[in-house]
Amino acid sequence: MMPQRKHVVIIGGGITGLTAAFYLHKEAKEKNLPITYTLIEASDRLGGKIKTIHRDGFVIERGPDSYLGRKQSLTKLIEEAGLLGQLVSNETGQAYVMSGGKLHPIPEGAVMGVPTKVGPFIKTKLFSKAGKARAAMDLVLPRRDGADQDISVGHFFRRRLGDQVVENLIEPLLSGIYAGDIDRLSLQSTFPQFQDVERKSRSLILGMKQKIPKPERPGTYGKKKQGQFLTLSSGLESLVERLEELLEEKSIWKNKKVSGIHREDTGRYRVELEDGTNTHGDSVILASPYSVAKQLLPETVRVEEFHSTPSTSVATIAMAFPASALKNDINGTGFVISRQEPTTITACTWTHRKWPHTTPGGKVLIRCYVGRANNQDIVFESDETILKAVMNDLNKIMDITSEPEFYYVSRWIQSMPQYEVNHKQRWQKLQDNLSAYYPGVYAAGASYEGVGLPDCAASAQKAVNHIIESMR
């Protein structure tokens, strides 16, 4: 007996909502399942933060520029969308940390800031002798009592490696991913692998050393080292465009804002729009940020203190120069900055080196990030003010002799959700509440189980799997 026809309403047309619509469409088509869907997006375009500009031979990302290749959910989506041939990995090269007004090479063997090689760690000038000695205490420190309890990322690393290694290396590397305060971010929800290493190996240094892949076997030396990040040569927005092409045009509603969700006596959901119209669904996927989703849910479903700290706001500025403008073009892929430094920028990517396909010959493309968790004022300044502040910072290091040929400032207001301590437990509570009071409604996306593009894709697919399973 065929299951009853099911209609799914997806709220939010970023990568999460798009992925959900794609897999619902695919499952219905390939398995002849009686599923239909409506994807509702408040703006006039799909893709959310993914935006690509093509200009004068440059490929410029205004949002995310790549994703972590080992998280395979996005690669799978790209393959199923027919774009696998456009996948490229980053060029590997020296990355730096700016501390004390100077660029210091990130020590060889540092894994997310955790040292695994003695020689480079001893030689680096990033830390004093006392700082290095304190980090070495990790080798003898016992496991933390209550190792299964959630604590902040900062607390965890400070206990194991000391303040100096955290401030000068770990914090600049890790905070960029979440644009947050590591002394408030949840270890379990952001970097659980380190908690696992301490549990299994006791020492973080020894445990991470064991995880490093063994050198290639003889005969493979000289083989180009593969970068760990992936992107599309045509820009990530080409994935958005391709997914939209594969969906049914009548199932995509743009410029429509949802104002409420109500469960009816029939068990179906009435989705109200701001323009006064309604649509109905048997299931709903909330693919918008929690700050938006919670306004659509009744008090009984919301979770106290979940995302009580507002998402942080960040901005990026991409600048194109002639190669001759850089009098000190440092060989490397970019740098992060210790939060002790009096700079506006928090990180800088030498995009022309990290992603050569983005930049025509004889040109340079630099992308800088501004906005810290504890000081986001610069994000709201004018484009000209941001450019001036960023150029002032860059010229302390690179000696750039001219203004950029062109530049783009991109602001992402309250775009980086903060996974604070006990985030995982509150997320579970939200899922339990939805199951109890709003069965058939699923939350998915960057607010819950990871902010990266693969995390969003995996989250969407998980919601789709729940819906298909419920049909059985």
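The model is predicted, so local features need pLDDT of at least 70 and side-chain atom pairs count only at pLDDT 80 or more, while totals for chains, interfaces and linings use all residues. Residues are numbered from 1 along each chain as its sequence is written, and side-chain values use heavy atoms, with hydrogens and water left out.

β13 forms a hairpin with β12, with four residues between the two strands. In the turn, G276 has a positive phi of about 95°. Strand β12 covers residues 269-273 and pairs with β13 in the antiparallel sense over four bridges. Two strands pair if DSSP finds at least two bridges between them. Within this pair, V271 stands opposite T279 of β13.

Strands (E, at least two residues) and helices (H or I, at least four) are DSSP runs, numbered from the N terminus.

## Strand β1, enclosed

Strand β1 spans residues 6-11. Six of its six residues are buried, so β1 is largely enclosed by the rest of the structure. Buried means under 20% relative accessible area, exposed over 50%, and partly exposed in between (1.4 Å probe, protein chains only). In a regular strand the side chains alternate between the two faces of the sheet. Here K6, V8 and I10 point one way, while H7, V9 and I11 point the other way.

β1 pairs with strand β2 (residues 35-40) in the parallel sense, over six bridges. I11 stands opposite I40 of β2.

## A21 in helix α1

Helix α1 runs over residues 15-30 and includes A21. Is A21 buried or exposed? It counts as buried, because its relative accessibility is 0%.

Leaving aside neighbours within four places in sequence, A21 is in contact with I10, Y37, L39 and L247. Contact means heavy atoms within 4.5 Å. L39 is 18 residues from A21 along the chain, and their C-alpha atoms are separated by 6.8 Å.

## Helix α2

Helix α2 covers residues 73-80, and S73, L74, T75, L77 and I78 in it are buried. These buried residues pack against α1, β5 (67-68), β6 (87-89), β9 (229-232), α10 (237-246) and α15 (453-471). Just after α2, G82 takes a positive phi of about 85°.

## Helices α5 and α8

The axes of α5 (residues 153-161) and α8 (residues 192-201) come within 11 Å and cross at roughly 40°. Axes are lines fitted to C-alpha atoms, for helices over the stretch in contact, and angles run from 0 to 180 degrees between N-to-C directions. The two helices are therefore oblique to each other. Angles under 35 degrees count as roughly parallel, over 145 as roughly antiparallel, 65 to 115 as roughly perpendicular, and the rest as oblique.

From α5, the contact is made by F156, F157, R159 and R160; from α8, by F194, Q195 and E198.
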